[in-house]
Amino acid sequence: MSKTVLLTGANGFIAITILRKLLERGHIVVGTIRSESKTTFLRERFASAVEEGQLLFAVVQDITAPGAFDDVLKAYEFDAVLHTSSPFRYDITDIDEELLKPAVQGTTGILDSVHRVAPSVKRVVVTSSFASVVDRARGAWPGKVYTEANWNPITHEEGLKDVGSGYYASKTLAERAAWDFVEEKKPSFTLTTLCPPMVYGPPEQEVPSLKKLNTSNLDIYDIFNGTSDPRYGVWIWIDVRDLAEAHVLAMDSAVAANQRYLVSQGNFSPQMIVDYIWKHYPERAAAKGIKRYTPGKYYPEEGVYAVDTSKSVRELGMKYTSFEEMLGDSLKRFEELEAEGK
């Protein structure tokens, strides 16, 4: 059955893939963006949906402003809200004011608006992050298997240390605030949170230039282009198309009510990107001067943490794309963008 869905941050890397899947399933979507100019690419990309009135847009300039989503939520009778957008700033100088508070306000703000003005909404799905699950202080933590029961123990105070800590704290505090809201207000909607790690996969969003790819895809493209060493950090990943599917499944699934899901295909190493490029693009690898680094050696001797995502498979019916398939599709897309002069 077709639903009317509010999708926040509709022009983002993850959101645009969700948008495509919602439209393919026949849902009516109202996408929020920060400015009208951000709709141009989307109007072209999904022209027939726009023409048929299946895809509409609403400008929400500042998602942290009190009641930011009130007007759009009052304008339509929504069945579900998929909240993918989070406050975004470069050059952060005040971690509390520019990162922590906006992250919490951006999440609780939309929940509050739904609670007050959109009684028709039955399910809200919030894109959280593995950052709210992982204990960063433990590093690679060999032998550890993370599940939905794990929470990043970072405190507000620890989040003020540096921007990296601030990012992890912002994701953790925002998700905790969402669950606290549901517990305290007992709204008529149910909440589902999804906690993805590194999100890779072919970019469907507007890419004005390859230098302006989303951060995770730049990690792959910079190796493919010979402009950077592999960047190590998080040891697990998910394909953006699988994450988009998880949002749609979480929206529709009765069992997902008030549940948290860790969504990931499993472990990966940036060395796998290097090995794949040398195997499938040897001439390019040589021409770009891509080093081979440590072929076939993916993880530190002592090992790294793993994840148990069986809950997402069992309850949502998730099927995860392999790292090889994702890389093949992503590199193909990068080649197309290069051919377009991006």
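**Reading the helices**

Reply: In this predicted model, 11 of the 12 residues of H1 are buried, so H1 is largely enclosed by the rest of the structure. Buried here stands for under 20% relative accessible area.

Me: Which residues of H1 are buried?

Reply: They are Phe13, Ile14, Ala15, Ile16, Thr17, Ile18, Leu19, Arg20, Lys21, Leu22 and Leu23, a list that takes in Arg20 and Lys21. H1 covers residues 13–24 and reaches 18 Å from its first C-alpha to its last, close to the 16 Å expected. Just after H1, Gly26 takes a positive phi of about 90°.

Me: How are H8 and H10 placed relative to each other, parallel or oblique?

Reply: The general idea is to start with the axes. Those of H8 (residues 215–224) and H10 (residues 270–280) come within 10 Å and cross at roughly 40°, and the two helices are therefore oblique to each other. H8 passes H10 in a right-handed crossing, with Ile220, Ile223 and Phe224 of H8 meeting Pro270, Ile273, Val274 and Ile277 of H10. By class, the residues of this contact are seven nonpolar, no polar and no charged.

Me: What does the contact of H10 with H13 consist of, by class?

Reply: H10 and H13 (residues 323–339) pack at an angle of about 60°, their axes 11 Å apart, and H10 passes H13 in a right-handed crossing. Met272, Ile273, Tyr276 and Ile277 of H10 make the contact with Phe323, Glu324, Leu327, Gly328 and Leu331 of H13, which gives seven nonpolar, one polar and one charged residues.

Terms used:
Residues are numbered from 1 along each chain as its sequence is written. This is a predicted model: local features need pLDDT of at least 70, side-chain atom pairs count only at pLDDT 80 or more; totals for chains, interfaces and linings use all residues. Side-chain values use heavy atoms; hydrogens and water are left out. Axes are lines fitted to C-alpha atoms, for helices over the stretch in contact, and angles run from 0 to 180 degrees between N-to-C directions. Helices (H or I, at least four residues) and strands (E, at least two) are DSSP runs, numbered from the N terminus. Angles under 35 degrees count as roughly parallel, over 145 as roughly antiparallel, 65 to 115 as roughly perpendicular and the rest as oblique. A crossing is left-handed if the near helix is turned anticlockwise from the far one by less than a right angle, and right-handed if clockwise. Contact means heavy atoms within 4.5 Å. Ala, Val, Leu, Ile, Met, Phe, Trp, Tyr, Cys and Pro count as nonpolar, Asp, Glu, Lys and Arg as charged, and the others, Gly among them, as polar. The expected span of a helix is 1.5 Å times one less than its number of residues. Buried means under 20% relative accessible area, exposed over 50%, partly exposed in between (1.4 Å probe, protein chains only).
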